[in-house]
Amino acid sequence: MKTTIVKFGGSSFRDPCHYARVARHLAELRAEGGNKIVAVVSAMSGMTDELKSTVLGVNREATPSNLDATLAIGEMLSACLLDAAVSCLGIPVTSLNGYAIGIRTNSDFGRASVESVDPQPIRAALQEHDIVVVAGGQAIDQSGRLTFLGRNSSDLTAVVIAAMLGEQTCEIYSDVKGVYTADPHLVSGARLIPKIGYGTIEQMSRQGAKVLHHRAVDYAKKHAVTIVCKALTSDGAATGTIITGHGYSGSVTVARDTAVLAVASVAERDTLLMLLDQHDISSICFEEDGRPCLCIITDIDFAMRLVAAAGTRAVAIGSKVVVTELNGAMSRVHLHVDYESAMAHAQTIHEQMHPAAVGDLVIEND
């Protein structure tokens with residue numbers, strides 16, 4: 001059974017009426033290709049933060065498993081709304097959540113890792129329906145408890161499903177067509193990259209680029225799944241970037257929501273750095289006022305739990321804005337206290353890296 005795997009992020013659902021728009025696009029895909037479709041969805045834009053605030057308002061010490069179950073509600077609701085919109089078009093459709101999609105993880109609540117997959121639940125749903133809508137970013141652990149794969153991890157769900165169904169391509173839709181040399185919402189003159197390698201986009205993601213989840217890219221690389229980045233426009237779907245084994249472009253990334261820890265000693269900082277690295281969490285070492293510090297860039301909630309459990313004397317002292325320039329083998333990181341100076345610096349770096357007269361840079365042998 002040939003199946004098309006698509007994923008729609010939260011930016012595709014800024015308003016409930018947007019579900020009808022996505023449903024119409026799924027109907028067009030079904031009519032054009034004749035394939036069955038699995039549509040993975042994120043929560044509506046802003047909902048995950050609302051859910052987190054709500055549960056922490058009830059209990060500041062909510063357990064990690066309680067948080068996971070709460071945050072997963074956003075994607076579940078989104079799946080139900082798209083199911084309803086597709087059903088309005090008279091297309092056989094059903095929706096599945098983390099309890100029924102055949103993905104099992106470890107019990108690292110907040111950022112669980114995939115341990116095993118079973119394609120049979122989704123294949124069975126596809127036998128009876130033309131479109132299966134899947135709530136992204138969630139699964140169950142070996143005890144059957146709901147787990148969250150991490151913030152913005154619906155990309156990972158879509159790639160995992162593509163791999164377990166034996167499909168070689170996964171389409172990721174967002175509010176921009178693809179991967180740019182910088183965030184086009186923040187840096188003027190950012191250029192669309194038509195083709196980019198797994199390693200390059202993974203590095204960008206780890207330094208704060210939000211276009212794709214780095215664990216989704218890593219999973220796609222391991223299972224040879226090509227990711228096609230698209231956007232829905234007034235003229236239909238527009239393909240922007242193909243992510244595969246080769247392709248490179250210099251880029252500038254900005255990570256705004258980081259966490260800075262002051263650590264008692266360099267030795268303690270090195271221990272924490274090693275711990276975070278073992279859990280695939282990006283962080284940077286630096287000194288401030290003579291104190292050894294650590295700036296955590298990705299998976300911050302999960303990282304802070306690891307730091308707390310490590311029993312160190314690390315203290316959270318605020319945040320930094322991290323600007324990273326990636327250009328070939330060179331990677332240079334700049335820490336800024338305020339957002340405005342960081343953005344001005346990012347703009348300057350990008351203009352030097354991609355002068356106006358130079359077209360998109362694509363080198364085939366990354």
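Reader: What sits over the ring of Y339?

Author: The charged end of R256 does, 3.8 Å from the centre of that ring. The structure is a predicted model. A charge counts as sitting over a ring if CZ of Arg is within 6 Å of the ring centre and within 35 degrees of the ring normal.

Reader: How many aromatic pairs does the structure hold?

Author: There are two aromatic pairs. One of them joins F8 and Y173.

Reader: Why is the pair of F8 and Y173 called stacked?

Author: Ring centres have to lie within 6.5 Å for a pair, and planes under 30 degrees apart count as stacked. The centres of F8 and Y173 are 4.5 Å apart and the planes stand at 20°, so this pair is stacked. F8 belongs to strand 1 (residues 3-8) and Y173 to strand 9 (residues 169-174), so the pair links distant parts of the chain, 165 residues apart. Both F8 and Y173 are buried.

Reader: What makes F13 and Y19 a stacked pair?

Author: The rings of F13 and Y19 are 4.2 Å apart from centre to centre, with 5° between the planes.

Reader: Are F13 and Y19 buried or exposed?

Author: Buried means under 20% relative accessible area. F13 has 0%, so F13 is buried. Y19 has 2%, so Y19 counts as buried too.

Reader: How do you know that strand 2 is mostly covered?

Author: Six of the six residues of strand 2 (residues 36-41) are buried. On one side these are K36, V38 and V40, and on the other I37, A39 and V41, which leaves both faces covered.

Reader: What joins strand 1 to strand 2?

Author: Six bridges do, and the two strands run parallel. Two strands pair if there are at least two bridges between them. In this pairing T4 stands opposite I37 in strand 2.

Reader: Why do strand 5 and strand 8 stand at the edges of their sheet?

Author: The sheet is open and has four strands in the order 5-4-7-8, with mixed pairing. Strand 5 (114-117) and strand 8 (146-148) each have a single partner strand, so one side of each is left without a neighbour in the sheet. Neighbouring strands here are turned by 45° against each other on average, direction ignored.

Reader: In which sense do strand 4 and strand 5 pair?

Author: Strand 4 (residues 103-105) and strand 5 pair in the antiparallel sense, over three bridges. T105 has V114 in strand 5 as its bridge partner.

Reader: Which helix lies across strand 4, strand 5 and strand 7?

Author: Helix 5 (residues 154-164) lies across them, at about 120° to strand 4.

Reader: Why is D280 called partly exposed, whereas D299 is called buried?

Author: The cut-offs are under 20% for buried and over 50% for exposed, with partly exposed in between. D280 has 26% relative accessibility, so D280 counts as partly exposed. D299 has 18%, so D299 is buried.

Reader: What is phi of D280, and where is its place?

Author: Phi of D280 is near 65°, a positive value in a residue other than glycine. D280 is in the loop between helix 8 (266-278) and strand 15 (283-288).

Reader: What is phi of D299, and where does D299 lie?

Author: D299 has a positive phi of about 50°, although it is not a glycine. D299 lies in the loop between strand 16 (291-296) and helix 9 (300-310).

Conventions. Residues are numbered from 1 along each chain as its sequence is written. This is a predicted model: local features need pLDDT of at least 70, side-chain atom pairs count only at pLDDT 80 or more; totals for chains, interfaces and linings use all residues. Side-chain values use heavy atoms; hydrogens and water are left out. Rings of Phe, Tyr and Trp (its six-membered ring) pair if their centres lie within 6.5 Å; planes under 30 degrees apart count as stacked, over 60 as edge-to-face and the rest as tilted. Buried means under 20% relative accessible area, exposed over 50%, partly exposed in between (1.4 Å probe, protein chains only). Axes are lines fitted to C-alpha atoms, for helices over the stretch in contact, and angles run from 0 to 180 degrees between N-to-C directions. Contact means heavy atoms within 4.5 Å.
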